[in-house]
Amino acid sequence: MTDFLIYLIEGALIGQVYALIAMGFVVIYRASKVFNFAQGELVVLGGYLVWWMVLGSGLPAWVGIPLAFALAALTGIVIERIFFSRLVGESLFSMVMVTVGLLVLLRGVFLVIWGAHVRPFPMIVPMRPLILGELFISRSLLIGGAVTVVAAVGLSWFFNRTTAGLRMTAVAEDHQIAMSLGISVKRSVAFAWMLGAVLSTVGAIVFLNGKSLSFLASDIGFAALPVAMLAGLESIGGLILAGLVVGIAQGMAAAYLDPLLGGGVSTVLPFVVMILILFFRPNGLFGWKLIERV
Amino acid sequence: MLELNNVEAIYSEVILVLKGISLHVPEGGCVALLGSNGAGKSTTLKCISGLIRPEDGAVTGGNITFLGKRIDALPAEAVVRRGLVHVMEGRKVLEHMTTQQNLMVGGHMHRDAARRRQNLERVYALMPPLANLRQRTAGYLSGGEQQMLVIGRALMAEPTMMLIDEPSLGLAPMLVEEIYAILAELRAHGLTLLLVEQNTRAALEIADHGYVMENGRIVMEGSAAQLKSNEDIREFYLGLDQSGERKSYRDIKHYKRRKRWLG
Amino acid sequence: MKSFGRTVLAVLLAGAAVFAWALPASLRAAPVEYNVAGLADYSGPYADVMPLISDGRKAVFTWWNKEVGAKLGVQLNFKEFDTRYDTAQTASLWPGVLADLKPIMIMGLGGPDVAALRQRLPDDKVPLLMSTAAYGFAWQPETWFFNPRPTYAHEAVAFAEWYRGQKGAKTLKVAVISSEASPAYIDIAKGIEKYASMNPTVEVVETVYTAVQPTDLSSQIRRVVRKGAEALLIQTNTAVVVASKRGLEAAGQGGIPLMMSSHNGLAASGKALGGLEQLEGSFEVYGIASPADTSGSAYKFYEMLRNDFGVKAPWNILAIQGTEQALYSVRAVEQAVKKVGAANLTGSAVREGLYAGKIPSEATFGFLPDLTFTREGPFPVRGLTANITTVKGGKYTLAAANVPVPVVEKW
Amino acid sequence: MTLAATTTAPGTAPPVLGAEHMTLRFGGVTALHDVSLDVRADETLAVIGPNGAGKTSLLNVFSGFYHPQQGRCFFTGTEITGKPTHEIAQMGVARTFQGTHIFAGMTVLDNILVGRHFHMRTTIPQSFLYFPWAHREELRHREVVEDIIDLLEIESIRSALVGALGYGLRKRVDLARALAMEPRVLLMDEPMAGMNTEEKEDLARFILDIREARHIPVVLVEHDMSVVMDLADRVAVFDFGRKIAEGTPQQIQRNPAVINAYLGASA
Amino acid sequence: MAMLPSGVFAVRYAQDRALLRTRPQWVSLALFMLLLALLPHLVTPRLLAIANLMLVTAIVVVGLQITLGYAGQVNLGQSAFMGVGAYAAGVLSTKWSLPFLVTIPLGGVAAALFGFVFGLSAVRIKGFYLALTTIAAQFIFHFAVLNLPVSWLGGSNGISMHPARLGGIEFSTDVSIYYLFLVSCTLMVAGAFGMMRSRTGRAFIAVRDDDVAAGMTGIPVVRTKAMAFLVGAFYAGIGGGLYAYYIRFISVDQFNLFNSVWYLGMIIVGGTGSIVGALLGTFLIRAFQEVVTSIGPLLAELVPWLGGDIVFASMNILLGGLIAFFVIVEPDGLMHRWNILKASYRLWPFRY
């Protein structure tokens with residue numbers, strides 16, 4: 001029973017880490033309608049920046065981390081400047097395809113700047129588990145979960161209630177309409193990438209805390225994908241629930257199915273769950289429904 | 001107020017759609033742009049508002065001035081900030097947002113929340129049906145409601161001039177009246193209008209001046225009264241026969257008299 | 001298209017350089033020249049370590065040409081090709097290499113090379129010599145690819161048996177941390193399981209399948225610890241070592257040792273953890289010289305290469321891998337020359353040279369144990385040993401040398 | 001007055017398309033409320049009403065895009081309620097669209113050929129080999145298409161990309177595509193919207209031709225009352241999802257309920 | 001075929017439908033095919049090996065073009081579909097000793113069925129959501145191969161194969177493989193042209209441009225979308241089967257998500273909705289990859305102060321940059337540029 005509880009809680013918390021990673025992805029989609037294939041690279045970018053500012057330069061964490069956020073935001077803007085500013089008005093497909101190029105390109109940039117070797121990631125959050133009777137709960141996961149919930153609530157409010165947020169929502173609806181209303185799509189896309197990069201850095205901190213970092217860590221981008229899809233690409237609040245579903249399913253599979261079947265059921269299960277749920281709710285749990293008119 | 005001088009525009013680097021358009025809209029005036037489909041009316045509006053560039057088009061010649069300043073090189077959002085809004089055809093609401101969110105987005109450039117509120121109330125007062133639909137998802141509104149919403153949304157920007165494309169398209173006769181009543185009221189409050197419209201009758205009711213476009217050129221221009229009495233306009237745009245009676249669609253002959261513009 | 005211009009320029013420059021380099025070679029007379037192709041990964045997952053491996057390979061060939069080849073009348077020209085660690089890339093490269101270079105052997109780097117070439121080599125008649133451990137799925141008779149080491153599973157159980165002996169226990173309970181990211185990792189786990197199923201001395205409490213990227217393993221680790229695992233066998237990558245270590249710490253079981261292999265060893269994993277001392281009491285095991293050993297003949301040979309042949313790579317496991325690979329290759333060439341003469345070397349001859357008899361450990365300066373290749377498999381099936389290295393008192397030290405590799409049934 | 005009228009009085013033939021007590025709801029909104037309506041084989045039936053009255057919903061139900069919660073639809077005696085759109089289309093219900101629902105990436109010719117899709121038999125493997133069945137079939141259907149191109153006077157734009165055409169021409173291609181299906185009833189959703197008088201005249205002429213030459217009954221949803229009055233044999237009026245009146249154009253024009261709900265004072 | 005030199009008019013419908021309508025077009029195609037036929041005698045073995053890989057890739061990418069460019073269904077599982085074809089061909093030839101003339105088409109069929117299953121999800125799922133469910137195909141393929149009993153698909157052991165054989169010919173040399181691939185590729189490309197200009201292709205485009213209107217024009221939308229996946233996956237399967245006979249050793253890691261991304265890149269560079277574009281994209285990206293592989297080590301040798309790792313890492317930057325560059329400068333792909341060129345050529349000397 002205790003085991004079951006631990007698996008449940010831990011699965012739920014890991015799901016929130018996925019949700020946090022997926023959030024960087026949804027934010028970019030939600031403010032620019034661009035589906036970012038290079039999300040995993042953004043997380044790695046955040047990871048390297050944190051490493052660089054904290055371990056690399058030897059700054060204390062409370063100085064280094066804000067600096068890393070600032071650099072991430074800057075990189076987001078640079079990405080928009082170089083890759084997207086000229087594409088405003090082109091088909092959305094083109095913009096999405098640029099992110100495919102970005103995926104390969106960023107990888108190369110990381111290799112040039114930081115090399116390919118695996119390096120330690122600083123321990124920003126204490127690793128020591130929280131012990132409640134027989135329950136062991138990872139403190140870093142717990143903090144990560146809290147961060148995820150706070151970020152989700154905050155961003156939901158931002159996108160639905162504030163003028164700036166509504167502006168971006170309008171861009172996500174339709175670039176042309178947004179432009180006709182005097183909204184700068186470029187600026188919105190730039191902000192999206194800025195926010196996406198910063199969120200990915202937060203995700204990197206929670207995800208990589210005390211572990212290791214190399215350019216290959218970008219796999220997390222695809223691992224977090226089912227969470228984003230389940231929530232619905234437009235829904236930030238929905239990520240929490242989707243994270244719970246995916247995390248718990250995966251946790252249970254890792255605990256009970258993997259040893260039984262002798263294989264990595266837990267790695268495919270999120271995708272299977274995703275397809276099954278999408279079949280009944282084709283826009284995820286909370287995504288925008290397609291309004292078809294004839 | 002708005003001046004187009006010999007404007008040329010192309011799409012996809014090769015297709016020339018506007019071949020030297022010149023027109024003039026006086027302050028507080030209402031000008032109608034008439035012409036058949038594909039004549040380049042919508043493109044003209046897009047050239048003015050800057051929305052042509054995102055469609056792989058470009059203004060390649062001539063100049064456009066608004067309030068005495070060149071605007072043909074400005075990005076679309078800068079044009080809006082100068083007080084010139086473009087209401088596109090096809091009732092382009094932001095589908096997944098509520099009525100109120102749509103309106104709030106329209107007034108996004110005003111930092112002052114109180115002012116936005118005030119504008120919002122003004123729009124609701126002008127178009128009472130919208131007030132009852134505040135929390136409805138815009139994509140599910142009816143055609144007439146959506147047309148009101150896009151006009152209301154444009155008003156939230158506090159424009160001095162509005163370009164409006166086919167406001168009566170696909171609307172029931174009563175709604176056409178309603179929409180034109182709203183436009184007339186806006187005019188009365190001093191809003192300058194440039195109107196693209198197929199419904200020539202309705203357009204010439206409200207406009208004081210009109211231009212007729214064919215094949216990317218302006219082929220005729222005149223005051224509303226002049227246009228209304230022009231024989232070609234009467235036949236081809238108002239559907240009247242020589243005696244001023246409405247022709248029946250049943251009586252159309254299978255050979256046709258073609259337009260002969262002298263412009 | 002500025003980059004294209006630069007590319008063209010680079011190609012032209014390169015061509016000129018190759019020409020200039022080839023010209024004096026053709027003017028020289030004496031030794032018979034043969035080519036050796038090196039498969040490398042300069043733009044894939046092993047790009048960071050490639051220069052270190054390559055350094056060892058190149059230096060050995062230069063040394064050998066001067067010291068041994070000159071006497072035998074043979075010169076081996078070594079040339080590298082980038083495969084990006086990708087099967088399709090190797091496949092598209094190889095026909096060109098074969099035609100242009102007509103190599104008598106290939107220095108391979110990893111699994112994709114074997115995958116791409118294993119069916120071709122018997123036709124092309126060129127042996128592929130690896131530096132890595134072998135895999136169960138490639139354990140077939142009459143191969144054209146060769147590993148100087150047994151399989152990873154062999155090396156792991158050699159450690160398990162040794163560690164059991166150290167503890168004086170009857171049975172050692174281990175957990176295998178594997179992954180489905182690569183079929184190779186599954187193969188390793190299967191080999192260890194096979195050994196455990198036939199020998200009561202080693203028990204696998206569970207094989208954990210996980211991602212090979214940073215991930216949270218605490219619940220899995222806690223589970224295997226509760227099942228009584230006394231050591232964790234990890235031959236995937238450093239990220240998993242780090243995650244497992246953190247998992248052990250979270251479970252309050254920092255004392256349970258990890259066992260790693262050459263490609264994710266103590267040094268690399270220590271770096272990834274942020275300090276070698278964190279791996280106190282953990283082990284790495286492989287059938288080649290240990291970098292912890294700086295007194296043996298291998299280190300002396302390395303110093304000689306560094307002093308006289310311009311090796312820049314530091315004394316580490318990667319330099320050892322490159323050196324080891326080249327060393328047993330040149331010894332195979334020597335045995336082939338003995339058989340067919342300096343003028344008649346071919347790929348087949350080199351392969352026969354490998355089979356010709358024992359390559360004693362001294363011949364490879366202790367980089368490798370005694371190697372006796374037979375036609376039973378791609379690696380010497382019998383008589384291999386492994387070295388076990390550990391961290392003791394924060395220092396990287398040799399724990400045991402020449403531990404016998406037990407017999408593992410094919411799986 | 002019309003040629004059709006001189007032979008037999010319109011609206012006396014048996015119904016081809018019909019709805020019986022049909023109710024359609026979306027969430028809380030009732031788009032159609034207990035609607036019964038017949039379309040006869042020899043008439044042009046106009047459907048008018050304010051925006052949101054359920055006219056387009058009616059067409060959508062007829063073409064199978066929406067499925068009513070209650071009531072049934074019939075086409076030539078067969079029940080079609082709940083059938084998928086393509087099956088209903090293949091039975092002979094063709095339609096044109098409000099706005100442009102046209103295949104922008106194809107030429108005019110290919111767009112119209114799409115209308116021939118279900119009349120063609122070439123399978124995927126046959127088209128993979130292309131020769132000679134596929135080729136012959138293509139040519140056979142090409143002739144049918146050319147007739148329609150002649151009828152609608154779009155010869156000159158035959159091989160133009162539809163995406164590059166103006167609105168009026170696109171609507172004509174839309175009609176051509178519907179005709180290529182050789183329909184037994186044609187549903188037209190606001191064909192005149194966005195057209196000027198001249199274009200409307202052209203289209204009206206085509207509709208009359210279609211009625212006369214091809215004897216296809218037409219259901220016309222339209223806001224332009226002069227078009228409705230001139231072309232329709234019968235008019236049905238909708239408001240808030242209900243059919244509030246039905247009759248000849250003249251009757252409808254005088255109906256006070258219709259004037260109130262739809263036409264407004266000036267009409 | 002809308003763009004023709006002026007002065008060329010079709011007199012008969014058959015003529016109007018022909019793909020090539022002028023003598024120069026015929027002559028250039030004939031010359032091109034002749035060049036391809038003589039290629040093994042003109043180029044080095046390395047270039048021939050590259051050509052072999054290009055031909056296989058071209059089949060796979062043309063398949064993706066059908067699914068993505070014509071039917072508008074983004075597919076990120078093309079590499080997995082290729083893997084299914086390879087495994088099917090491998091199992092059939094090793095376990096059942098079937099000749100390759102049978103195993104390759106059956107490999108295509110197996111992949112087509114696998115693709116069809118994912119295509120069926122198009123019943124409910126649309127747009128990006130659909131695109132991303134195809135990523136799942138990649139994971140499920142990987143999982144299935146590794147976790148099904150080893151005796152079925154070889155599991156982690158992979159499958160070793162014998163060379164393809166036809167009568168007395170054994171396709172084990174690069175030259176013989178080249179001709180096998182050239183014939184297969186020509187057939188598949190010709191087939192793609194055939195399909196895309198008949199009712200099948202029109203249905204695909206109709207569903208892409210407007211699926212609602214397509215349905216009301218009598219096209220079964222769901223079935224057409226699923227068919228688009230089926231046809232595209234069939235191409236991938238054929239490519240996979242040929243690839244299997246080329247490498248003669250199949251393992252699951254040869255068919256990874258990254259390859260799917262590269263195939264997508266090839267479509268982007270060449271342009272969507274054009275078979276020639278798919279071929280062009282395949283050629284360019286593959287050629288660029290090979291150039292990078294070839295000059296990388298040389299550059300590292302020649303410019304030692306740059307440091308090898310930097311040279312090689314920057315190759316990734318170049319490759320990624322190439323895709324991004326093409327999208328930014330030519331969002332509709334190279335074929336679009338070509339069409340614009342042709343259009344302006346027709347108008348010459350007038351600009352418009």
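1. Contact means heavy atoms within 4.5 Å. By that rule, eight pairs of chains are in contact, and chains A and E share the most contacts. Chain B and chain C have no contact, and their closest C-alpha atoms lie 22 Å apart. Chain C and chain D do not touch either; here the nearest C-alpha atoms are 29 Å apart.

2. A word on the basis. This is a predicted model, in which local features need pLDDT of at least 70 and side-chain atom pairs count only at pLDDT 80 or more, while totals for chains, interfaces and linings use all residues. Residues are numbered from 1 along each chain as its sequence is written, chains are lettered from A and ligands numbered from 1 in the order in which they are written, and side-chain values use heavy atoms, with hydrogens and water left out.

3. Chain A has twelve helices and four strands. Helices (H or I, at least four residues) and strands (E, at least two) are DSSP runs, numbered from the N terminus. Along the principal axes, the C-alpha atoms of chain A fill a box of roughly 60 × 50 × 35 Å. The radius of gyration of chain A is 19 Å, which agrees with the value near 19 Å for a compact globule of 294 residues. That radius is taken over C-alpha atoms, and the globule rule is 2.2 Å times the number of residues to the power 0.38.

4. How much of chain A is buried? Of its 294 residues, 66% count as buried. Buried means under 20% relative accessible area, exposed over 50%, and partly exposed in between (1.4 Å probe, protein chains only). Chain A exposes about 9,500 Å², and carbon and sulfur atoms supply 72% of that area. Accessible areas come from the Shrake-Rupley method with a 1.4 Å probe; for residues, only the protein chains shown count as cover. Take the contacts in chain A between residues at least 6 apart in sequence: 74% join residues at least 24 apart.

5. Charges in chain A come next. There are 16 positive and 12 negative side chains, and the centres of the two sets lie 10 Å apart. Lys and Arg count as positive and Asp and Glu as negative; His and the chain ends are not counted. The place of a charge is NZ of Lys, CZ of Arg, CG of Asp or CD of Glu. In chain C the count is 40 positive and 36 negative side chains, with the two centres 0 Å apart.

6. Chain C contains 13 helices and twelve strands. Its C-alpha trace spans about 70 × 55 × 40 Å along the principal axes. For 411 residues, a compact globule would have a radius of gyration near 22 Å; chain C has 22 Å, which agrees. Buried residues make up 64% of chain C. The accessible surface of chain C is about 14,200 Å², and 57% of it belongs to carbon and sulfur atoms. Among contacts in chain C between residues at least 6 apart in sequence, 68% join residues at least 24 apart.

7. Chain B is divided into domain 1 (2–229) and domain 2 (230–263). The contact between them takes 13 residues from domain 1 of chain B and nine residues from domain 2 of chain B. Their C-alpha centres lie 28 Å apart. Chain C is given domain 1 (31–150 + 295–380) and domain 2 (152–286 + 387–404). The C-alpha centres of these two domains of chain C are separated by 29 Å. Twelve residues of domain 1 of chain C are in contact with ten residues of domain 2 of chain C.

8. Where does C:Met105 sit? It is in strand E3 (residues 105–107) of chain C. C:Met105 counts as buried, at 0% relative accessibility. Leaving aside neighbours within four places in sequence, its contacts include C:Asn35, C:Phe61, C:Leu129 and C:Val350. C:Gly310 is 205 residues from C:Met105 in sequence and 24 Å away in space, C-alpha to C-alpha.

9. Two backbone angles deserve a look. Most residues other than glycine have a negative phi. B:Glu166 has a positive phi, near 50 degrees. B:Glu166 is found in the loop between strand E7 (161–165) and helix H7 (173–188) of chain B. At 5% relative accessibility, B:Glu166 counts as buried. D:Glu153 also has a positive phi, near 55 degrees. D:Glu153 lies in the loop between helix H6 (133–152) and helix H7 (167–180) of chain D. With a relative accessible area of 35%, D:Glu153 is partly exposed.

Key. Domain bounds come from an automatic or database domain assignment.
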